[in-house]
Amino acid sequence: MQKRIRNILLVVVCFLCIGCDSNAVYDVYKPVPNQWHKDSLASFILQAPDTINNYNLFVNVRNTNNYKFSNLYLIVELNYPNGKTLKDTLEYKMAKPNGELLGTGFTDIKENKLWYKGFKEQFKFIEEGEYEVNIQHAMRANGSINGVTNLEGISDIGFRVENTLK
């Protein structure tokens, strides 16, 4: 009996260790109700981990089979503690040429980890304090001047900061 309990505990500890993500400094998701309105912001507030080390920043997107585009345009705004703002319009590939959605996942929900900062040049939090990240979509249908008002198929938006030292 004790051997069986010990084996069960060993399996539980292994699962917990495998499930831990030592690189993540910040990893938060916000759900998108039904459709993502073009004026709706996914906002994230985080404390600078330090001002010495380099970090990789990612936008995480969970989408369903209802996502009908091969790409995704996002406007990402990074607000520094002193009031400085960086605003980027980014495009991400979301599907293969045959229409198959990219990302990881075995169900109809795919998860995409999209680079934001740190891939071309190293990113440091140069100021101590609270940073705010705002993310909104900037999708347009082909041939349309007006943007897509309600984007279907996005279930969650996330923001992730990873330490590059580990």
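1. In which loop does asparagine 34 lie? Asparagine 34 is located in the loop that connects strand E1 (24-31) with strand E2 (35-37). It should be kept in mind that the model is predicted.

2. The backbone at asparagine 34 deserves attention: its phi is positive, at about 55°, although the residue is not a glycine. Is asparagine 34 buried or exposed? Its relative accessible area is 76%, and a residue over 50% is classed as exposed; asparagine 34 is therefore exposed.

3. Asparagine 150 has a relative accessibility of 33% and so counts as partly exposed.

4. Which residues does asparagine 150 contact, apart from its neighbours within four places in sequence? They are Gln35, Trp36 and His37. Asparagine 150 and tryptophan 36 are separated by 114 residues in sequence, yet their C-alpha atoms are 5.3 Å apart in space.

5. The largest nonpolar core comprises 36 residues, and Phe125, Ile135, Ile157 and Phe159 have the most contacts inside it. Among the elements that give two or more residues to this core are strand E3 (42-47), strand E8 (130-137) and strand E10 (154-163). In soluble globular proteins, nonpolar side chains tend to be buried together.

Note on methods
Residues are numbered from 1 along each chain as its sequence is written. This is a predicted model: local features need pLDDT of at least 70, side-chain atom pairs count only at pLDDT 80 or more; totals for chains, interfaces and linings use all residues. Side-chain values use heavy atoms; hydrogens and water are left out. Helices (H or I, at least four residues) and strands (E, at least two) are DSSP runs, numbered from the N terminus. Buried means under 20% relative accessible area, exposed over 50%, partly exposed in between (1.4 Å probe, protein chains only). Contact means heavy atoms within 4.5 Å. A nonpolar core is a set of buried Ala, Val, Leu, Ile, Met, Phe, Trp, Tyr and Cys residues joined through side-chain atoms within 4.5 Å.
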